[in-house]
Amino acid sequence: MPDSERIARLRPSYQDELTRGTGRFFLPARTDCPWCLGTELRGKFRTTDLIQGKPGEFALDQCRGCGHIFQNPRLSQEGLDFYYRDFYDGLGAETTAKMFEGNGSKKRFRRSARALRRVALPGRWLDVGTSLGHFCATAKEVLPDTEFDGLDMGEGVEQAAKEGRIQEAYRGLFVDLADEMAGRYDAVSMFHYLEHTPDPHRELAAAHTALAPGGRLLIEVPDPESLSGRMLGRLWLPWFQPQHLNMVPMGNLCGRLRELGFTIEVAERRDAHIPADLACATWFLVNRLLPRDDAPWRPRRPARASRAVRFALVWAAVPVLIAVYGLDQLINPLARRSRFSNAYRVIARRDA
């Protein structure tokens, strides 16, 4: 079915939801930090949905005590369902699949698998937040004797099992399913997953439960202490509102893992960097100037003239975006060796 027809079919349900406003998608604002419970908070910035363009405004606060950055007020489960819809599935499924299947993603997946291989050779590995299981399929090239299972909320995890990218699929919340897999895994990975969760403390405890003694937990997340985030402000892609609920500084994460009974084996930024900050920020700026694209959360389809203008301007912007992406790649060796790195990796061993 063409996208225009799918959008037309979805528009009535979206518009029905939006007639009740977006305020109901949020929980009451917190007066304390969800990480350390400190009460000295400062507003970081307010922004909108720069990715899909769904209506709503989102605020990030920072704890003055521990540096944790979090969405406040936070989306409720109903809000998360609304803003996730048609991103990883539905209208956005094809785009998401292409992103994970690209050579850039595969190279990053191989680097991650090799990072864990340097400290362990796991027999059974659970990838939490696996989506369509593309990491597992690529990591199998690096660790051919490892069995990979996947967990996710969406239907993609079941598709990943059907298509052979993972052996066993778990669909649901990790914190609810961890007890049934207690001690089963030699490795658990969370790639750009923890920042999406309402309660990172519970997710880390769930990983401790699922791991056998001596098993490894591999985490990669955006680095809220990155100088790129300070320089680009709300245009920095890893803020990723409204999906990213918690942005955890590396020191906080390592400290909590030690409290849970882990030993930190790797804590580094260099290899986790994703060189796309400038290109994404440029696209956000360009997109602000363009006529709106069609989407079911917009009241009506843009006029034909508006669509034609957008199409022409997007193609006119392509050379600029390619040039800026090339600049991202050019400065990548320097960025990844400095505090401009936009992500970090932690590998921790569960103590016996």
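Q: Is Phe-109 buried or exposed?
A: Phe-109 counts as buried, at 6% relative accessibility. Buried means under 20% relative accessible area, exposed over 50%, and partly exposed in between, with a 1.4 Å probe and protein chains only. This is a predicted model, where local features need pLDDT of at least 70 and side-chain atom pairs count only at pLDDT 80 or more, while totals for chains, interfaces and linings use all residues. Residues are numbered from 1 along each chain as its sequence is written, and side-chain values use heavy atoms, with hydrogens and water left out.

Q: And Phe-135, buried or exposed?
A: Phe-135 counts as buried at 3% relative accessibility.

Q: How many aromatic pairs are there?
A: The count comes to 18 aromatic pairs. Rings of Phe, Tyr and Trp (its six-membered ring) pair if their centres lie within 6.5 Å; planes under 30 degrees apart count as stacked, over 60 as edge-to-face and the rest as tilted.

Q: What kind of pair do Phe-109 and Phe-135 make?
A: Their ring centres are 5.7 Å apart and the planes are at 85 degrees, so the pair is edge-to-face. Phe-109 is in helix H4 (residues 103-117) and Phe-135 in helix H5 (residues 134-142), so the pair ties together parts 26 residues apart in sequence. Helices (H or I, at least four residues) and strands (E, at least two) are DSSP runs, numbered from the N terminus.

Q: What about Trp-125 and Phe-148?
A: That pair is tilted, because the ring centres are 5.2 Å apart and the planes are at 40 degrees. Trp-125 sits in strand E4 (residues 124-128) and Phe-148 in strand E5 (residues 147-152), 23 residues apart. Both Trp-125 and Phe-148 are buried.

Q: Which rings link into a cluster?
A: Ring pairs join Tyr-14, Phe-25, Phe-26, Phe-58, Phe-82, Tyr-83 and Trp-297 into a cluster.

Q: Where does Lys-54 lie relative to Phe-82?
A: Lys-54 lies over the face of Phe-82, at 4.9 Å from the ring centre. Lys-54 also lies over the face of Trp-297, at 4.9 Å from that ring centre. A charge sits over a ring if NZ of Lys or CZ of Arg is within 6 Å of the ring centre and within 35 degrees of the ring normal.

Q: Switching topic, which residues line the largest cavity?
A: Among them are Phe-45, Arg-234, Trp-236 and Phe-284. On a 1 Å grid over the protein atoms alone, a cavity is a set of points where a 1.4 Å probe fits but cannot get out, and lining residues have an atom within 4 Å of a point.

Notes
1 Å grid on protein atoms, 1.4 Å probe; cavity = no way out; pocket = protein on both sides within 12 Å on 5 of 7 lines; lining within 4 Å.
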